Amino acid sequence: MKFHVGYQADERFKQVLLTHAAQIGELYFPWDDFTTGRGINSREQQRQLENDLTDFAAAGIKFDLLLNGNCYGRQALSRAFYQRIGDTVDMLGSTYGLNAVTTASVVIAKFLKNNFPELKIRASVNMEIGTPEGVEYLLDLFDSFYLKREYNQDLAVLTRMKKFCTDHGKQLFILANSGCLNFCSARTFHDNLVAHQHEVSEMDNAFEFPGLCHEFLAQESAKSQLLSHSNFIRPEDVALYENLCDGMKLATRTNPKPAAVASAYFNGRWHGNILDLTEPAHARHFLPEIISNDLFPADYASKRFNCSKKCESCSYCCDIQKQATVKLTDFLITEGANEKC
């Protein structure tokens with residue numbers, strides 16, 4: 001499996017990526033102050049990014065520019081905006097080499113397809129495409145698509161979508177380690193809020209919005225439902241997807257342990273708290289307990305592939321979560337004992 005990995009300025013993470021360059025399909029990154037699905041890129045971060053891209057390019061790693069903001073406001077159709085996109089894509093291509101652009105805008109996709117036919121144009125996971133119809137409407141604009149994350153563990157949907165994309169000469173990718181809760185009612189609002197973070201940060205704001213997932217999981221009664229409400233793929237289960245997608249995206253742009261995330265998926269195993277691998281990460285809501293990845297049954301993913309998806313009347317995931325939940329102190333004691341053996 002090839003992985004699309006999100007850039008973060010972290011030296012240990014960088015060394016992991018350079019060591020495993022052969023497993024990286026693309027490195028995706030933001031540029032300057034273009035709105036993307038995550039935060040603001042500062043000038044200091046920009047300079048570090050430029051230095052790191054040079055090293056990644058020397059290692060043969062391909063690049064994917066993110067233009068996946070959910071909203072571009074008054075610039076969304078402006079001539080100056082597209083002139084700037086064109087100049088940026090042209091510069092990145094000549095300086096570092098550019099393999100793809102991931103966007104949530106059909107207009108940006110059309111502009112790039114018309115002016116940079118050699119580029120691969122990819123539909124962002126933020127577009128939430130989960131049906132053949134969703135792909136069919138965009139066949140002339142995109143070369144590949146990220147699947148709506150809620151269908152990561154639905155074998156019927158995965159099989160249908162992969163076949164439809166392949167039959168039409170397109171590629172299908174999936175996001176492996178999202179911490180977003182399934183069918184989040186506030187996702188569109190949150191994505192729009194992030195897209196306008198530049199303006200929002202300049203205001204005297206009355207509220208903070210950390211994300212509905214964090215507010216939900218802060219409730220004691222909700223914590224036991226995390227697994228049934230999640231769509232992340234464990235590193236040990238990646239092999240099940242070899243014929244169901246053309247690659248996996250790893251969310252590593254804001255995860256506090258990007259090197260650990262990348263290493264876990266590159267190596268196909270993780271010995272620790274499964275919540276440390278997701279973005280957003282929800283580990284803090286559960287401490288001093290963790291959900292130990294070692295305590296998942298080997299057939300967990302295959303059972304979720306074929307379940308009825310009626311979580312409100314099924315306790316399987318809740319039972320597995322309860323089985324895998326341990327106190328952090330107990331986990332560390334067991335881990336230490338194993339190291340001594």
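Reader: In which sense do strand 1 and strand 2 pair, and over how many bridges?

Author: The two strands run in the parallel sense and share four bridges. The model is predicted: local features need pLDDT of at least 70 and side-chain atom pairs pLDDT 80 or more, while totals for chains, interfaces and linings use all residues. Residues are numbered from 1 along each chain as its sequence is written, and side-chain values use heavy atoms, with hydrogens and water left out.

Reader: Why are both faces of strand 1 called covered?

Author: On one side stand Phe3 and Val5, on the other His4 and Gly6, and all of them are buried. The term buried means under 20% relative accessible area, exposed means over 50%, and partly exposed lies in between, with a 1.4 Å probe and protein chains only.

Reader: What joins the side chains of Lys162 and Thr166?

Author: They are joined by a polar contact of 2.8 Å. Lys162 lies in helix 6 (residues 155–167) and is buried, because its relative accessible area is 14%. Leu172 is 10 residues away from Lys162 in sequence, with 6.1 Å from C-alpha to C-alpha. Lys162 touches Leu172 and also Asn243, Leu244, Cys245 and Asp246, residues up to four places away in sequence being left out of this list.

Reader: How many aromatic pairs are there?

Author: The count is 16. One of them is Phe29 with Trp31, at 6.2 Å centre to centre and 75 degrees between the planes, which is edge-to-face. Rings of Phe, Tyr and Trp (its six-membered ring) pair if their centres lie within 6.5 Å; planes under 30 degrees apart are stacked, over 60 edge-to-face and the rest tilted. Both partners are buried: Phe29 has a relative accessible area of 1% and Trp31 one of 8%. Elsewhere, Phe34, Tyr72, Phe81, Tyr82 and Phe111 form one aromatic cluster.

Reader: Which charged end sits over the ring of Phe34?

Author: That of Arg84, at 4.0 Å from the ring centre. A charge sits over a ring if NZ of Lys or CZ of Arg is within 6 Å of the ring centre and within 35 degrees of the ring normal. Likewise, Lys249 lies over the face of Tyr28, 4.9 Å from the ring centre.

Reader: What makes Asp32 and Arg84 a salt bridge?

Author: Their closest N and O atoms are 3.0 Å apart. A salt bridge requires a side-chain nitrogen of Lys or Arg within 4 Å of a carboxyl oxygen of Asp or Glu, so this pair qualifies. Asp32 lies in the loop between strand 2 (24–29) and helix 2 (43–58), and Arg84 in helix 3 (residues 79–95), so the pair ties together parts that are 52 residues apart in sequence. Both residues are partly exposed, Asp32 at 24% and Arg84 at 29% relative accessibility.

Reader: How many salt bridges does the whole structure contain?

Author: The search finds 18. Among them is that of Glu236 and Arg234, with closest N and O atoms 3.7 Å apart. Glu236 is partly exposed at 32%, whereas Arg234 is buried at 6%. Asp276 and Lys257 form another, at 3.3 Å. This pair ties together parts that are 19 residues apart in sequence. Asp276 is buried at 18%, while Lys257 is partly exposed at 40%. Salt bridges with shared partners also join Glu128, Lys148, Glu150 and Arg187 into one network.

Terms used: Contact = heavy atoms within 4.5 Å. Polar contact = N/O pair within 3.5 Å; in protein donor to acceptor, adjacent residues only side chain to side chain. Pairing = 2+ DSSP bridges.
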